[in-house]
Amino acid sequence: MGRGKVELKRIENTTSRQVTFSKRRNGLLKKAFELSILCEAEVALVVFSPSGKAFQFASHDIDRTIARYRSVAGLPESSSCSQRSRTAEFWRTEIDEMKKLADMLEARNKHICGEDLPLLDMKDLKQLERQIKTGVERVRSRKRRLLAEHINMLKRKQKALQDENACLQKRLNEINVSSRTSKEGDRCSSTTS
């Protein structure tokens, strides 16, 4: 069953708009990837978020694909110098974003370890507490699962050892019975002679 038609207009709620952008962007990148694989097409896709962040997919070298597009569309070739500066600018922006992300993750890690807590307000502390509780629940759940698996494995080993022990007891009893009968047979033969 399909969904109804979606009216195409700007989403007013900022959070909903960001979520929709993220989902549709991922779907678009996935479709570009699938098209390049299924049809051996040369695909280049560039998407800029409302905040200006660039997302891209290229099945081949993106610069070559853009140059090919420019030649087909009759657009003038861009100078390699400006292209390099744009590429360098992109990587500088990417590096800055990665540094910010690393700093944020490092601060978050310190907060989880109980460091730099005076920097947090009540809302942040409550959120941190929820995250830690969730983490502890996951750790405990994993621990319980591993313990249950280990206990089941030990029970299976115990059962196998008990079965093996019973089998050995049975063989030992058979050996004892056969040795008694042979001794009694020897006694009988010695008394009759």
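1. The side chain of Ser49 makes a polar contact with the side chain of Ser51, at 2.9 Å. Please keep in mind from here on that this is a predicted model, so treat each point below as a description of that model. Ser49 lies in the loop that links β1 (44-48) to β2 (54-58).

2. Is Ser49 buried or exposed? Its relative accessible area is 10%, and because the cut-off for buried is under 20%, Ser49 counts as buried. Setting aside residues up to four places away in sequence, Ser49 touches Phe21 and Phe55.

3. Pro50 has a relative accessibility of 70%, and because exposed means over 50%, Pro50 counts as exposed. How far apart in space are Pro50 and Gln18, C-alpha to C-alpha? The distance is 8.9 Å, while 32 residues separate Pro50 and Gln18 in sequence.

4. Let's step back to the whole chain. The protein chain has 4 helices and 2 strands. Read from the N terminus, its elements follow the order α-β-β-α-α-α. Among contacts with a separation of 6 or more, 19% are between residues 24 or more positions apart.

5. Next comes helix α2, which covers residues 62-73 and includes Ile66. Ile66 is partly exposed, with a relative accessibility of 34%. Ile66 and Leu45 are 21 residues apart in sequence, and their C-alpha atoms are 10.0 Å apart in space.

6. Here is a point about backbone angles. Most residues other than glycine have a negative phi. Which value does Glu40 have for phi? The phi of Glu40 is near 50°, a positive value, and Glu40 is not a glycine. Glu40 sits in the loop between α1 (14-39) and β1. At 74% relative accessibility, Glu40 counts as exposed.

7. Asp116 is another residue to check in this way. Asp116 is not a glycine, yet its phi is positive, at about 55°. The loop between α3 (80-112) and α4 (122-192) is where you will find Asp116. With 36% relative accessibility, Asp116 counts as partly exposed.

8. What about the cysteines? A disulfide is a covalent bond between the sulfur atoms of two cysteines. How many disulfides does a search of the whole structure find? The search finds 0. Cys113 is exposed, with a relative accessible area of 54%, whereas Cys167 is partly exposed, at 43%.

9. Finally, take a look at the second largest pocket, which has a volume of about 380 Å³. Of the 15 residues that line this pocket, Val6, Lys9, Ile11, Thr20 and Arg24 are the closest to its centre. The lining of this second largest pocket divides into 8 charged, 5 nonpolar and 2 polar residues.

Definitions and conventions:
Residues numbered from 1 in each chain as written. Predicted model: local features only at pLDDT ≥ 70, side-chain atom pairs only at ≥ 80, totals over all residues. Heavy atoms only, no water. 1 Å grid on protein atoms, 1.4 Å probe; cavity = no way out; pocket = protein on both sides within 12 Å on 5 of 7 lines; lining within 4 Å. Points joined across faces, edges and corners; volume = space filled by probe spheres on them. Nonpolar A, V, L, I, M, F, W, Y, C, P; charged D, E, K, R; others polar. Buried < 20%, exposed > 50% of the residue type's maximum accessible area, 1.4 Å probe, protein only. Polar contact = N/O pair within 3.5 Å; in protein donor to acceptor, adjacent residues only side chain to side chain. Contact = heavy atoms within 4.5 Å. Disulfide = S-S within 2.5 Å.
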